[in-house]
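Q: Could you walk me through this model, one piece at a time? I'd like to begin with the sheet that involves both chains.

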Amino acid sequence: MRLMAQLAMVMNLDKCIGCHTCSVTCKQAWTNRSGVEYAWFNNVETRPGQGYPRQYQDQQRWKGGWTLTKRGRLTLRSGSRFKRLLNIFANPDLPEVADYYEPWTYDYDNLLSAPQMDTTPVARPVSLITGEDTAITWGANWDDDLGGGPEQIGRDPVLAKVSDKVKLEFQQTFMFYLPRICEHCLNPSCAASCPSGAIYKRTEDGIVLVDQDKCRGWRQCVTGCPYKKIYFNHKTGKAEKCTFCYPRVEVGIPTVCAETCVGRLRYIGVVFYDADAVLAAASVRDDKDLYPAQLGVFLNPHDPRVVAEAERVGISQEWIDAAQASPIYKLIVDYQVALPLHPEYRTMPMVWYIPPLSPMVDALAGTGHDGEDAGNLFGAIDALRIPVEYLAELFTAGDIGPVRASLQRLAAMRAHMRRVNLGEPVDPEIAESVRLSTDEIEAMYRLLAIAKYEHRYVIPSAAGSDAHRLDALATGCSLESDGGPGMTAFDVMDDKFHLTQQPADGNGAAAPVDKERRINLLNWDGKSTNGLFAAVPAHGPQTNGAAHTNGATSAVEHIR
Amino acid sequence: MTTLLWLTLPYVAFTSFVVGHIWRYRHDQFGWTTRSSQLHESRLLRLGSPLFHFGLLAVLGGHVLGIGVPADWTAAVGVSEHAYHLMSVSFGTLSGLAAVTGLTILLYRRFAVSAVRAATTTIDKVMYLMLSTAIVTGMLNTIGSNLIGGGYDYRATVSPWFRSLFTLSPQPGLMVGIPISFQIHAVVVLVLLASWPYTRLVHVFSAPLGYLVRPYIVYRSRDVARPNARRYARAWETTHPRR
């Protein structure tokens, strides 16, 4: 056994309202640079829909992830190492910018510099790639909310796997949002595709990163990742990807996408797993066995033998505590409501999803039935075959069983908690029917519905500060000045992002003294909203309406 | 002039080549990349790039044989001058044509596709000029002098001159009076070698052969990765915003 720790995420899709706040804050923190204008480390796509980049799930075309050889050995779908090297001069399976979308800006200057004329001047779209005028034909979420109708939505590769005849009817049936970041897989095919060995998995927390110094721009990883979450920076000629906001999680605060999530639907925690068991689990014959196989790789952090092994390999007590309190382990293993995204890619992804029950509830309510009744909901989960089949294609390689079980648990939770809220007698059979106890179902309710900050994010910070302290012990000398040879990478990060300073209001360190209204999202710990919004100057006594108007106006002025 | 072209220039070029690569490797890991433009355009690249690269690898192999190996060595293993000439001209023409065709497609792509053109830097343009001249003059040498013309035995002049540079007993006189196209070719290649470390051509030395033998998944400890802060900062500054 080789015990390793992994930072993982679970997203509760029932709560996602598709507001794209995660995408925007992620972009502001990481990819608001030239060269990665088209890249969204975090994106939110409407399902059914084509996704971003377009039809990325069509692995017949893009050749992402792993596959089994005839003899049952795991190999990259894009071919053997030798074949990849032969294709190194021109990668036949690489998406172009157009498959994502051509990034653009607007010629705003024209609004000011246009000569006086009869018509209003316009700001024409300009390509950020060529600098020439362009026509906008696609974007990162062009088919948001089923935009474009059947013509666009019908190109969803997942939809193509669900039976054909119901396509049109099905679109009226339901829709949900799927926020996506890098999966930080246990068996990352991007890393396996990298000819330079620049992509690595961190032994301490499992975060998959690209060494920007070692990357040589062979762009095989873009093909290797089946989720298309590696982006080629066309300015620097290097691959870039979601970093799981490692400068933040190293000091115990959640990723920017999770921190700013309006629906509070993201959970972050530690999972222990057996790294030696990963290859066998990823090599099981039947795609449908991959989800249970991955469950089998996780180690129970409450098992004394696991704890002993963790201590033996030098995992700190704070990490063991975090693994035992991990919301991820609870949602994935204890309650089994969270499911992996496309386990059939055989990468053992570590960002999991709680499938949305709301389509069923909506359908029930729409037909006049009680959408909170356990019996009705169970019936709906079985009757609404198409949404369930679609979810199964996303989360369990087409196996309806685990999806149905997860949805039934969520339905049972709803029914049970309504009885509690209405003061009706508790029916223990509801919980038993989904193989949970009443206590478990209420604990699950607290985790999913109340979802306090400290319960959603159980992120041990010791590793970062410990390493920092140990570094100081080992290398401490008078040269530890800014940029001096004694300055470690952590010091540089700390210096840049003010990671270890704890300001009184929780935000102050991010804002320069002279610009106290500013906030640095990479550093925001979510404890206070000071600095997030423009301050409203105090006004004298006014009528209510006028005060509101003035406040809004001055806020807008501040933003400008 | 003889001394300048055939003695000083080669040693300056070699020095620049070696020292330049060491300097760049130590100070600009972040800039060390193929700077691939496939993200912008794939169809033409898939045609031209393999032709060019594989063609050029074959050309390189031919040069090693033709310049690196003395004529009496090949004679010793029983290859007559005629047989050698036949081989070198046929393989040289084939691989040279592949490289030239590929280069033509790539150059067309680079300047006709607006996204690729926008991604082209000044140093790229200079490099393309030198590379094209080197390849075209080399092609002329093979086709013009050796195929159509009577044939020129460069193994009696150019090759010994080149080898003499490495034995530190340089004989610049050997290059006097050889066909002008050979002289131009040699000078252009020397200039190209001198500027090599400062262009994207450095990616040649990153040929990832280790990929064939390393394990699929690379694990690395956070503590091992401790990049030099100052070098990192400089690397980020090398990306210039275009607009």
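A: That open sheet has three strands in the order β9(A)-β8(A)-β1(B), and its pairing is mixed. Strands here are DSSP runs of E with at least two residues, helices are runs of H or I with at least four residues, and both are numbered from the N terminus; two strands pair if DSSP finds at least two bridges between them. This is a predicted model, in which local features need pLDDT of at least 70 and side-chain atom pairs count only at pLDDT 80 or more, while totals for chains, interfaces and linings use all residues. Residues are numbered from 1 along each chain as its sequence is written, and chains are lettered from A and ligands numbered from 1 in the order in which they are written.

Q: Which strands are at the edges of that sheet?

A: The edge strands are β9 (208–210) of chain A and β1 of chain B, each of which pairs on one side only.

Q: And how does β8(A) pair with β9(A), parallel or antiparallel?

A: β8(A) and β9(A) are antiparallel, joined over three bridges, and A:Lys201 stands opposite A:Val208 in β9(A). With β1 (residues 219–220) of chain B, β8(A) pairs in the parallel sense over two bridges, where A:Arg202 is placed opposite B:Arg220.

Q: How many residues does each chain put into the contact?

A: Chain A contributes 48 residues and chain B contributes 44, with two residues counted as in contact if their C-beta atoms, placed from the backbone, lie within 7 Å. On the chain A side, at least two residues come from each of α3 (81–86), α9 (189–193), β8 (199–202) and α26 (489–497), and β8(A) gives the largest share, four residues.

Q: What's that side made of, by class?

A: The side of chain A that touches chain B has 21 nonpolar, 16 polar and eleven charged residues. In that count Ala, Val, Leu, Ile, Met, Phe, Trp, Tyr, Cys and Pro are nonpolar, Asp, Glu, Lys and Arg are charged, and the others, Gly among them, are polar.

Q: Switching topic: what is the order of the five-strand sheet in chain A?

A: The order is β13-β12-β1-β15-β14, in an open sheet with mixed pairing, and its edge strands are β13 and β14 of chain A, each pairing on one side only.

Q: Is β1(A) mostly covered or mostly open?

A: β1(A), residues 3–12, is mostly covered, with nine of its ten residues buried; buried means that 20 or more other C-beta atoms lie within 10 Å of the residue's own, with C-beta atoms placed from the backbone. Helix α17 (residues 327–334) of chain A lies across β1, β12, β13 and β15 of chain A, running at about 70° to β12(A), where axes are lines fitted to C-alpha atoms, for helices over the stretch in contact, and angles run from 0 to 180 degrees between N-to-C directions.

Q: Which residues touch the most other members of the largest nonpolar core?

A: They are A:Val10 and A:Ala411, in a core of 149 residues; a nonpolar core is a set of buried Ala, Val, Leu, Ile, Met, Phe, Trp, Tyr and Cys residues joined through C-beta atoms within 7 Å. Leaving out residues up to four places away in sequence, A:Val10 touches A:Tyr267, A:Ile328, A:Leu331, A:Ile332, A:Ala338, A:Trp352 and A:Ile354. A second, separate core of 27 residues includes B:Leu51, B:Ala99, B:Met130 and B:Leu192.

Q: Last one, on chain B: how many helices and strands does it have?

A: Chain B has nine helices and one strand, in the sequence pattern α-α-α-α-α-α-α-α-β-α. Of its 243 residues, 27% count as buried, and the C-alpha trace of chain B spans about 60 × 40 × 40 Å along its principal axes.

Key
A residue is buried if 20 or more other C-beta atoms lie within 10 Å of its own, exposed if 12 or fewer, and partly exposed in between; C-beta atoms are placed from the backbone.
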